[in-house]
Amino acid sequence: FFFASYKMAQDMHFSKFKVGDTIKLGDITLVKTDLPDKMKVFTSPELKLMMVSKDAEGNNLVAIDGDYSRGVVQVNAADNSAVGYWSPQSEWEELRPGTCIKMGEVDLVRHDDPETIRALATESKMLQVVTPDWHGYQLMAQDGDVAKGLLMVNSDANAVGFWMPKAEYDAKFPNKSS
């Protein structure tokens, strides 16, 4: 069996891929994530986008300066609209929900609970930036205390994710993390 990622790019039909599917461009594995924040970044007019691949259905994969190792946007050539986003696999493994990261001495797990995100973003006035650029997001903590968890904020200052302290996550979801 040959996987789709080993076919020539023009033999693939990018629109048939679902979130979580992977393709390979050169030696880089990309994961279909369709992150709206990332798609929006690519619509900035000052960026120099270059097509790195296309399929028979009029879908183009474009990358900033042709560097697909930082991710690609899937564009519908008919109306030039962004219809998908492919993240570098290494980046997605650090961003996806359920992933554990370490900040200083604190282990944190990505858990995007909408209520926690809303409460932190609207009620907590003491958020401080602890990491200004982490895969294009700011990580903010209440009073700068990472042990309380981290709010993930996009370039439009919208809260899009939450990193919960691992001990709290393990207590809430005893069978989920390793």
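Which strand does Met50 lie in? Met50 belongs to strand β3 (residues 49-54). Before going further, note that this is a predicted model, in which local features need pLDDT of at least 70 and side-chain atom pairs count only at pLDDT 80 or more, while totals for chains, interfaces and linings use all residues. Residues are numbered from 1 along each chain as its sequence is written, and side-chain values use heavy atoms, with hydrogens and water left out.

**The overall picture**

The protein has 4 helices and 12 strands; helices (H or I, at least four residues) and strands (E, at least two) are DSSP runs, numbered from the N terminus. Along the principal axes, the C-alpha atoms fill a box of roughly 50 × 40 × 25 Å. Of the 178 residues, 38% are buried. Here buried means under 20% relative accessible area, exposed means over 50%, and partly exposed is in between (1.4 Å probe, protein chains only). The accessible surface of the protein is about 10100 Å², and carbon and sulfur atoms account for 53% of that; the areas come from the Shrake-Rupley method with a 1.4 Å probe, and for residues only the protein chains shown count as cover.

A contact is a pair of residues with heavy atoms within 4.5 Å. Taking contacts between residues at least 6 apart in sequence, 45% join residues at least 24 apart.

pLDDT is the predictor's confidence in each residue, from 0 to 100. The protein averages 87, and 92% of the residues score at least 70. Confidence is highest in strand β8 (residues 106-110), at 96, and lowest in helix α1 (residues 36-41), at a mean of 85. Then there are residues 1-8, where pLDDT stays under 50 and the model has 6 contacts beyond four places in sequence. Where pLDDT is low, the predicted coordinates should not be read in detail.

**The six-stranded sheet**

An open sheet of 6 strands runs in the order β7-β8-β12-β11-β10-β9, with antiparallel pairing; two strands pair if DSSP finds at least two bridges between them. β7 (100-103) and β9 are at the edges with a single partner strand each, so one side of each has no neighbour in the sheet. From one strand to the next, the twist averages 30°. Angles like this run from 0 to 180 degrees between N-to-C directions, and axes are lines fitted to C-alpha atoms, for helices over the stretch in contact.

The β9 and β10 hairpin has 2 residues between the strands, and His135 takes a positive phi near 55°. Helix α3 (residues 114-123) lies across β9, β10, β11 (150-153) and β12, at about 105° to β12.

**Aromatic pairs**

How many aromatic pairs does a search of the whole structure find? The search turns up 5. Rings of Phe, Tyr and Trp (its six-membered ring) pair if their centres lie within 6.5 Å; planes under 30 degrees apart count as stacked, over 60 as edge-to-face and the rest as tilted. Trp134 and Trp163 make an edge-to-face pair, because their ring centres are 5.4 Å apart and their planes are at 85°. This pair links distant parts of the chain, with Trp134 in strand β9 (residues 127-134) and Trp163 in strand β12 (residues 159-165), 29 residues apart. Elsewhere, Phe14, Phe17 and Trp86 form one aromatic cluster.

**A few residues to look at**

| Residue | Relative accessible area | Class |
|---|---|---|
| Trp134 | 12% | buried |
| Trp163 | 0% | buried |
| Lys32 | 5% | buried |
| Met50 | 36% | partly exposed |
| Ala56 | 63% | exposed |

Lys32 sits in strand β2 (residues 28-32). Not counting residues up to four places away in sequence, Lys32 touches a list that includes Phe17, Asp21, Gln74, Tyr85 and Trp86.

Back to Met50: leaving aside neighbours within four places in sequence, Met50 is in contact with Leu61, Val62, Ala63, Asp65 and Gly66. Met50 and Ala63 are 13 residues apart in sequence, with 5.5 Å between their C-alpha atoms. Ala56 lies in the loop between β3 and β4 (59-64). The C-alpha atoms of Ala56 and Val146 are 48 Å apart, with 90 residues separating the two along the chain.
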